[in-house]
Amino acid sequence: MIRKILMLLALCGTVALSIPVFADEAKAADTATAPAAEAATPAAPAAAPAPVPNKGDTAWMIVATVLVILMTIPGLALFYGGMVRAKNMLSVLMQVFATFSLLAILWAIYGYSIAFTEGGAFFGGFSRVFLSGVTPDSTVATFSKGVVIPEYIYIAFQLTFAAITPALIIGAFAERVKFSAVLLFMVLWFTFSYLPVAHMVWYWAGPDAFTTADAAAKASATAGFIWQKGALDFAGGTVVHINAGIAGLVGCLMIGKRIGFNKEAMPPHSLTMTMIGASLLWVGWFGFNVGSNLESTGFAAMVFVNTLLATASAALAWMFVEWGVRGQPTMLGIASGAVAGLVAITPACGYVGPMGAIVLGIIAGIICLWAVVGLKHMMGYDDTLDVFGVHCIGGIIGALGTAIFCSPKLGGTGVYDYVANATAPDYSIATQFVSQAWGVGTTLVWSGVVAAIAYKITDLVIGLRVPEDQEREGLDSTLHGEKAYHM
Amino acid sequence: MKLVTAVIKPFKLDEVREALSAIGVQGITVTEVKGFGRQKGHTELYRGAEYVVDFLPKVKIEAAIKTELLDQVIEAIEKSANTGKIGDGKIFVFDLEQVVRIRTGETGAEAL
């Protein structure tokens, strides 16, 4: 609602400002000597001036959006690609590239509208379908009253999230799924899981609506389901990582293990690529997390530091535990630890302090290591690239950990009260933990069920798996007619 | 004429080549190979998935030589490829029936 008002105001402002300009042009045509100062005749005063985006904020959001694209292609693609066998390298790169491109288009057609316009608590509306009504002057709210950013860059920034999240799932069923099946599954899962979960967690009317307690209650009622439960998710622990992670687990359970799993050697074909990919993920993640602040402020700088420290501590935690338990520190281990740390700090990065971020990283590094080494072995599923173990488990640690380390007593920010225009004085870890658990539980169930149905439909329509001989020969030559390496 | 084939540790290749050049061997052919002998393989661990690597990378060199050079060649390889540790490799000696230099058509010892 507030966005509509803001847009209306922006529109009024534009019209009001343009009138004297036209008048000036007409005058200039008549009498070339008319003094230019006449053009400065003030327009009729508007009720309240519509906020104008700050150029610094806009510039930062453009850079942040580019960084998230870098994080996906090539970052995620190389991180994943390096871990599969050489015969399937291109299939992974292709799946990530095509998923990103496909969902970018769907985002513009209907995704943005369903996720980020007012509707119900689970789905948004259709007012922005085909990006209708968006102009260079359209703005959206940020987390500060009276501060807006251009809607176009917000659309693009959120597009990158909508495109990388489904791409994360690819790792769970890598090396055995038909390319066409991946595309169909992505459309279904994106539409019925990503969009509603993004709406549930992130859609709210914006801070300007929170003027009085009554107005706040009214504005809150229009927000998404998980938002209304009070769950905090700064950059996508639930929306991105738990959402994708559980869909990955359902996928590898329904699709089945790769031929030769636990019998044949399936070592990563290039940990160099994986290291490059992990490093690009780390760099790109600054766009992801810091960009989620929507403004270029000191708060953004805090998010930056948290993202830096949690990642470093998780990388070290994974490395040292592996070193102690298995005898050697590995490149794959430290890279995996870094990604686990990035995942865990994602929901928390705007709510915790730097020391909280370090502790959260250590916890994520150790538990995610256990998830991919111990839990996976115990349960016997073939999550090829550990999407569940790193993204879902790491996301849950981050989401629940946010409740703990958000506490001002533990160096966190507490929760901001937009009515009082100050940090709420009474932060309760237990209350917040329950809110966070709502976010985690809802996402797990919603995405898990949607994923199961989407895989089933895809299996019936196209068939999920490639035939055995194609799987043995590798997907690069059989599905794409090319090879990653000619040596 | 003899054909001497030796399987050695890859990092010893340069020393072996120098030692053979020094005693007048005109050329060798080198192949990267994998194999197993008494030296055990090793295990690799990727996120908890343990793979036993049985076949270790080695370098195979082949040299066609005059029979009178044989003892010197064996000695040169033995000395230059030796580390004293398990996995140093082996030398195999075969009788060589014929050699032809393709460019000139020379045959036998002339072609070596």
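## Two helices of chain A

In this predicted model, A:W282, A:W285, A:F286, A:N289 and A:V290 of helix 9 of chain A are in contact with A:A300, A:V303, A:F304, A:T307 and A:T311 of helix 10 of chain A. Contact requires C-beta atoms, placed from the backbone, to lie within 7 Å. By class, this contact has seven nonpolar, three polar and no charged residues; Ala, Val, Leu, Ile, Met, Phe, Trp, Tyr, Cys and Pro count as nonpolar, Asp, Glu, Lys and Arg as charged, and the others, Gly among them, as polar.

The axes of helix 9 (residues 271-291) and helix 10 (residues 298-326) of chain A come within 9 Å and cross at roughly 140 degrees. Axes are lines fitted to C-alpha atoms over the stretch in contact, with angles from 0 to 180 degrees between N-to-C directions. Helix 9 and helix 10 of chain A are therefore oblique to each other, since angles under 35 degrees count as roughly parallel, over 145 as roughly antiparallel, 65 to 115 as roughly perpendicular and the rest as oblique.

## Strands of chain B

Strand 1 (residues 2-8) of chain B pairs in the antiparallel sense with strand 5 (residues 56-65) of chain B over seven bridges, and B:L3 stands opposite B:A64 in strand 5. Pairing requires at least two DSSP bridges between two strands. Strand 1 of chain B also runs antiparallel to strand 6 (residues 89-95) of chain B, joined by seven bridges; there, B:K90 is the bridge partner of B:V7. Helices (H or I, at least four residues) and strands (E, at least two) are DSSP runs, numbered from the N terminus.

## Basis of the model

Residues are numbered from 1 along each chain as its sequence is written, while chains are lettered from A and ligands numbered from 1 in the order in which they are written. In this predicted model, local features need pLDDT of at least 70 and side-chain atom pairs count only at pLDDT 80 or more, whereas totals for chains, interfaces and linings use all residues.
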